[in-house]
Amino acid sequence: MSQSNESAQGPSRRRLLKAGLAGTLAGGLVTGRALAAGDPAITDIQDWNRYSGPGVDAQPYGTPSPYEKTVIRRNVPWLTADPVSSVNFTPLHALDGIITPNGLCFERHHAGVAEIDPAAHRLMINGLVETPLVFTMADLARFPRTNRIYFLECAANSGMEWRGAQLNGCQFTHGMVHCVMYTGVPLRAVLAEAGLKPGATWLLAEGADAAAMTRSIPLEKALDDCMIAFAMNGEALRPEQGYPIRLVVPGWEGNMWVKWLRRLELGDQPWQQREETSKYTDLLASGKARRFTWAMEVKSVITSPSPQAPVRHGRGRLVISGLAWTGNGRIAQVDVTIDGGRNWTAARIDGPSLPHALHRFYLEHDWDGSALFLQSRAIDEKGYVQPTKDALRAARGSNSIYHNNGIQTWYVGTDGVVENVEIS
Amino acid sequence: MLKFLEATAIAAVAAAALCGGAVAQDAGAGKRTFAKCAACHAVGPGARHRVGPELNDLIGRTAGSIEGYRYSPAMTKAGQGGLVWTAETLQSYLADPKAVVPGTKMTFAGLKKADELANIVAYLGTFATTAAAPPSAAEATPPLAAPAAAATPGAATPGAGHVLRLGRQATPEEIAAWDIDIRPDGLGLPKGKGTVAQGGEIYEAKCAACHGGFGESVGRWPVLAGGQDTLQNDRPEKTIGSYWPFLSTVYDYVRRAMPFGDARSLSDDDVYALTAYLLYLNDIVTDENFVLSDENFTAVKMPNAANFIDDDRAQEAHYHTGAAPCMTACRPGTATIKTHAAVLDVTPEEGGDDRQPAAGIQ
C-alpha cells in the first residue's frame, strides 16, 4: 500500500516536515518533466519485466515485499522497564480491512515469550469439578471446533493519552488492538468434560509463562462465548500470541485472554490476582478504584490520514479510513467530522460487521486543501456512543490508565502533515 | 404416576402447539444444544447435581423441588407458587431465566432461538425414567445415558462429564505442582512462616537490585512501598501499601512470578518472610520480629481495601444523554488546539533523544 512507503521515514513529525514536503515538491517536478516524454515507469523496461525472479521455495514461509519493510510492530522504550515485560504496537496506519496479519498483532508480555514444545504442554482443569482432568494438545483437537473473528484490545490501549495528546501516530495511540480469526473449541465443552460442582461461579485461567499470568473470570462469561484457541488466521498461534493455546474472551480486556494457557481452576469467589488488583483496576479522581471492568467500550479511530500516514497527494479526492469496535457486540454507525466535531457525516462501514470484531469504515472526501480537525465517533448496537476525552476525564479524572475510549483528534495541516492534538 | 404421564403427553402437545408447524422438535439437535447446559447440569442414569440440579424427569416436576439440591430462595418460592416445568414454562424460563424467575441463581444468558428451545425441551423429555419418552422425541435419540453408562468406573474413567470422554484424570501430585494460587480467604496458603528480619535479608539479595532497598525502585522497575495518601494526587503512587486491597495477592504473586527472571525459585518460608518484609517497608507492621505464617495471615488487613468499587461505567453521564448524537452545528465557534503531541514530542524514533514523560504504561 502507498501509505506504508510514506511511513518509511519513520513517525517523526520533524522529519516528515523536512523530508516529506521536500519529497512532495521534488516528486511533482519529476512527474511534470517525465510526463512530456511519458512516465518512465511505463516507457522504461523494468528489471522485473526483463529478468526472471526467484523460484518457488525461495521463501518457504513467505514474507511481505521489501518495500513494506517499515510496516512493523514498534515499541516505545521508555514506557516500561524492560522489553521482557513490555508492549509493542500494531501498525494500524498501514493496514486495511478488518483482519490483522499474524506477524503484526501487537505483543504484550509480562515475562517474555514462552517458547513451548506442544508435546510437553498440558491443560489442567481442577478445583470445583467432579473430575480434575488433564488434556494434551491432541486431546483438545478432538473437541468440536469453531471459527470466530474477534478483536483483542489491551485495556491500556490509549492509556498514555489520559493527560492530553502525547504520542504522534495511531500505531502508538491505538495500536494495542488486533483482530484475527480464531480456531478453537468452546470453553464450555472442555469444562463440561470435567463436570462443574455445585458452587462453582468463577474460573481462574493461568498461563505457563514465567509470569504464570492469572485472571479470574466469572463462570457466566466462561460458559457463554469463551474459547480455547489453537489457531489464528488459519495457522497455529504465533508464540507471542500464546502458542500452543490461548483463552479467547470476546469483547473483554486483552489481559484476560491468557496466553500459553495451562490451567483452569473452578472456584466460588474471585482469586484477586495481581492483574485484577494492582493492575487493571481503574483509579478515579475520588481515590476509589473500579475493579472488574472487563468489557471494552465502544471506540473508533481514523487510521489514515494519521501522523504516520500524512496526505501526500494534495487537494482533491481523499479516502478517510478507520476502525471501530465495541465489547457490546456490533458497531451500528460511525460518524466522521472534519471540523473538530461541529458537523458530522455518517461514514460507510465496509466488509463484515461481526460481533466483537473490528469494523472498517471509510469516508470519501473532496479535500479543498484547508486544515482539518478529523475525528471519528462510533455508536454500538446497544446505543453506547463513544465519548469525548473531556467527558471521560470529567467522569473519571486522569489517573485511570485503562479503558480510554475517547474520541481522537488528528490535525491535518494545509501541507498534509498530520498531528495528534486535543482541541476545544 | 398416571398424572405424570398425562402431564408429559400434554406437555408434548403444548410444545407442538406453541411452536406451530414452523419449528419441529428435534431431540437429536436438542442434544447438541445441551452442550450449553452440560457444564452445570447432568442428565441420564446416575446424574448428580452440579452447579445446577440434575434434570431427569423434568417435565411435570415442580420447580425447585429436587431434594439434596440447594435452590435459590426465588426458585423454591416459584415452585411453591405453583410453577411446574412443562414444555411451555421451560421454554420461557430457558429463553430468559432471570425474567421468569427473578432472583434465580442460574447464571445463564438464555437461549435465543425458537428451534433451540423446542429441541432442548424435546431432548430433556427423553429422560423420563417412568415411561417412554414423548412420541415426537422417542425415535430421534437413543437415551443419551449411553456414554455415562458404558464408561467403566475407576481411576481411568475420564471426565465425570463423560460427554466426549477426552482427557484423563489429573493426579493429586500434578494438581499440587501447578495449583499454587492463594485467595484472600487464605485458601491455598501453604504451611510455613517467616519474619520481617529474614525477609529483609532475602530482599536485599534478590529484590533490591530492581525494586530498591526501601521498595522505592531503581530506574523504571516497579515501586513496592510508599505512596500512602497519594491516590487523589496528580501523580498517584500505587504500591502494596497505598493501593493493594489484599495481602494474599502479595504472597501469590511473589511466589509465582518473582524474582523476575527466576520465578518459582523461592521456598514457601522465603515467601512468608518476604511478604512480612514488604508489610514492614509499607509501615503496615512495624516490629522486625513480626512473624507471618499461615496461621495469622488472614488477620492482616490492607489499608486501601475499602476503596475498590464494582464496574459502574454504564452509569456515567456521557452514556446517558438519551438523545441521538448531534450531527450538525454541534459546537459553537471553530476548533482550536489545546495540546499537541508534537510539542510533548515523546514519540519514539530511531536514534532520537526521546524525552520521557512522567507516567508510563502499567
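This is a predicted model: local features need pLDDT of at least 70, side-chain atom pairs count only at pLDDT 80 or more; totals for chains, interfaces and linings use all residues.
Local features need pLDDT of at least 70 and side-chain atom pairs count only at pLDDT 80 or more, while totals for chains, interfaces and linings use all residues. Residues are numbered from 1 along each chain as its sequence is written, chains are lettered from A and ligands numbered from 1 in the order written, and side-chain values use heavy atoms, leaving out hydrogens and water.

Buried means under 20% relative accessible area, exposed over 50%, partly exposed in between (1.4 Å probe, protein chains only). The cover includes strands E7 (202-207) and E8 (214-218) of chain A, plus helix H13 (268-281) and strand E3 (291-293) of chain B.

On to the rings: Phe, Tyr and Trp (its six-membered ring) pair if their centres lie within 6.5 Å, with planes under 30 degrees apart stacked, over 60 edge-to-face and the rest tilted. That gives 22 aromatic pairs over all chains. Two of them:

| Pair | Centres | Planes | Type |
|---|---|---|---|
| B:Trp85 and B:Tyr93 | 4.9 Å | 45 degrees | tilted |
| B:Tyr251 and B:Phe297 | 6.1 Å | 85 degrees | edge-to-face |

B:Tyr251 sits in H12, while B:Phe297 is 46 residues away in the loop between E3 and strand E4 (308-309) of chain B. Both B:Tyr251 and B:Phe297 are buried. Over in chain A, A:Trp202, A:Trp252, A:Phe292 and A:Trp294 form one aromatic cluster.

Note on methods:
Contact means heavy atoms within 4.5 Å. Helices (H or I, at least four residues) and strands (E, at least two) are DSSP runs, numbered from the N terminus.
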